[in-house]
Amino acid sequence: MAKIKKIVVDRNLCIGAASCVLTADTVFELDAENKAIIKLKGGVKSAEPAEKGTLEDEAVSDDTLLTAAQSCPTRAIFLYDEDGKQVYP
Amino acid sequence: MEKIKYLIIGGGVAGTTAAETIRQQDPTGSCAIVSDEPYRLYSRIMLSKPNFFLEKIPFDQIWLKSADWYTQNNIMLIAGKRATALDTKAKTVTLDDGASIAYDKLLIAAGSCVRKWDIKGADKQNIFYLRALDDAKQIIAKVKTTKRAIVVGGGFVGFEMCDMLRLAGIDVTLVIREPHFWDPLLDELSGKRIEAALERGGVKILCNSLVTEAVGGDAVQGAILHNDSVLPADMIVVGIGTYCPLDWTAGSGITTNRGIITDEYLTTNASDVWAAGDGAEFNDVILGEQIQLGNWANAQMQGRIAARNMCGAHEQFRLVSFYVTGGFGITIAFAGDIRPAEGREIVARNAADGNSLSRIILKNGKIIGATMINNTKELAVITKLIEKGAPMEHNRDKLSDPLFDLKTLL
């Protein structure tokens, strides 16, 4: 698999099932609206697309990110590689 | 008779994840999924979500696999067919069209069915249950012309249906048999907290109440309650629980209780037969109990582990199960085993301002489950504590202190 560069959570699709949080809790958490947000460096929580290098846990494995995305029951997590190509779904 | 190396009964997330996993392990062995629904895999969890019902997200988002996925992966989808008999000695499954399929290895991932009303008038039109995509399609259509609705049953489906109906601008009355929402899984404080949120959102709630009759012409026009009062309604959504249809396994020698009994490897007592998902009553190695669960995470992970074991692995199923929902400005999360039972101790972990209410459930001094209202931020750490199974006898005061960082107990 190509290396993952960017992570996007589609808030319209996210239903807050928390599968991503349980799979990769260093990367995702649920906000007050019960939607997944991404944990960035410096304790920042973001609903925006995030580059892997800006993650609080930038060492997270691509495998963990992919498992988290695959576990989402609404396929709300999109992963992109270094060429901007969609890796998942 | 056709012979399939890996035969899977059930096309939901457990069965389809299993097929996908089998393909990763064995690229060429024949694999077939029998599904009693005429559809490929869709997101059953999305069926009860308001954004889906109110068509705020495109309908096609429901599909989790493309039509091509099955052919590309050489997985045969036998859709719209139900298994009616199982012979574990001859290793065959009979379908409702009379066809028989022989198998080398069988996975039963047939899920559960909704429990239906047996009251007078229960067969009237516009009385709905929510389990399958066809149910959802009917509800989506009916919501557009409904002014007044009744929701029966206090649980996730009841909560989410109330949310959807209120967002659609419909008058909603929720009828629950118990004294408070989600009794006995939640205590009165938590249950009443959810009720307060529902009521703020405009839902009228009738506790300790039973519908005794559905009235109207061909279509339902209302419900008569236990106290003879009449509630008018254009539609009724009934969410009073599920059961696993096991009659088709009768005579097969497979041990069943409420579900199909398996060990921690998801193997049944019959050789070359595994079970996964809502229908599996498995040995949970974390809880040390035989347990049956109906949720997405459990079904997906069991499908994966059962498939690996069908392909020759010997992996235990280990997962702390969870379910989260949100609506009416609150979130509700359950983790692990939250069933009330003897010998369980509940530690309240409530925020001083009363915003979040959590209950941590201990058995033999270890955390086995938790219910959380407005506290999903602690879901991950609590599931890790359950998984770890560390003794908590001396940490009760920490568990009950909402300011104490639970991560330090890991």
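Modeller: Happy to! Let's begin with a word we will need: a residue is buried when its relative accessible area is under 20%, exposed when it is over 50%, and partly exposed in between, using a 1.4 Å probe and counting protein chains only. Our spot is Ser43(B), which counts as buried because its relative accessible area is 0%.

Before going on, two notes on how to read this. Residues are numbered from 1 along each chain as its sequence is written, with chains lettered from A and ligands numbered from 1 in the order in which they are written. This is a predicted model, where local features need pLDDT of at least 70, side-chain atom pairs count only at pLDDT 80 or more, totals for chains, interfaces and linings use all residues, and side-chain values use heavy atoms with hydrogens and water left out.

Where does Ser43(B) sit? It is found in the loop between β2 and α2 (50-53) of chain B. Those labels come from DSSP runs numbered from the N terminus: helices are H or I runs of at least four residues, and strands are E runs of at least two. The next term is contact, meaning heavy atoms within 4.5 Å. Setting aside neighbours within four places in sequence, Ser43(B) is in contact with Pro73(A) and Thr74(A) from chain A, and with Ile62(B), Leu64(B) and Trp296(B) from chain B.

For the 13 residues of α1(B), residues 13-25, that gives 18 Å, and the end C-alpha atoms are 18 Å apart, which agrees.

Helix α6(B), residues 188-200, passes the test too: its 13 residues should span 18 Å, and its end C-alpha atoms are 18 Å apart. Buried residues in α6(B) include Ser190(B), Ile194(B) and Leu198(B). The buried residues of α6(B) pack against α5 (156-167), β10 (171-175), β11 (203-206), β22 (330-336), β24 (357-363) and β25 (366-373) of chain B. After α6(B) comes Gly202(B), with a positive phi near 95°.

Val237(B) lies in strand β15 (residues 235-238) and counts as buried at 1% relative accessibility. Beyond residues up to four places away in sequence, Val237(B) touches Phe128(B), Ile150(B), Val151(B), Val152(B) and Met161(B). Leu246(B) is in the loop between β16 (242-243) and β17 (260-261), and at 16% relative accessibility it counts as buried. Its C-alpha atom is 7.4 Å from that of Gly259(B), 13 residues apart along the chain. Gly259(B) is also one of the contacts of Leu246(B), as are Thr256(B) and Ile260(B).

Chain B has nine helices and 25 strands, and 57% of its 410 residues count as buried. Chain A has two helices and seven strands, and buried residues make up 53% of its 89 residues. From the N terminus on, the elements of chain A run β-α-β-β-β-β-α-β-β.

One last term is the radius of gyration, taken over C-alpha atoms and compared with a globule rule of 2.2 Å times the number of residues to the power 0.38. For chain B a compact globule would have a value near 22 Å, and chain B has 22 Å, which agrees. For chain A the rule gives a value near 12 Å, and chain A has 11 Å, which agrees. Along the principal axes, the C-alpha atoms of chain B fill a box of roughly 60 × 60 × 40 Å, and those of chain A a box of roughly 35 × 30 × 20 Å.

Conventions: The expected span of a helix is 1.5 Å times one less than its number of residues.
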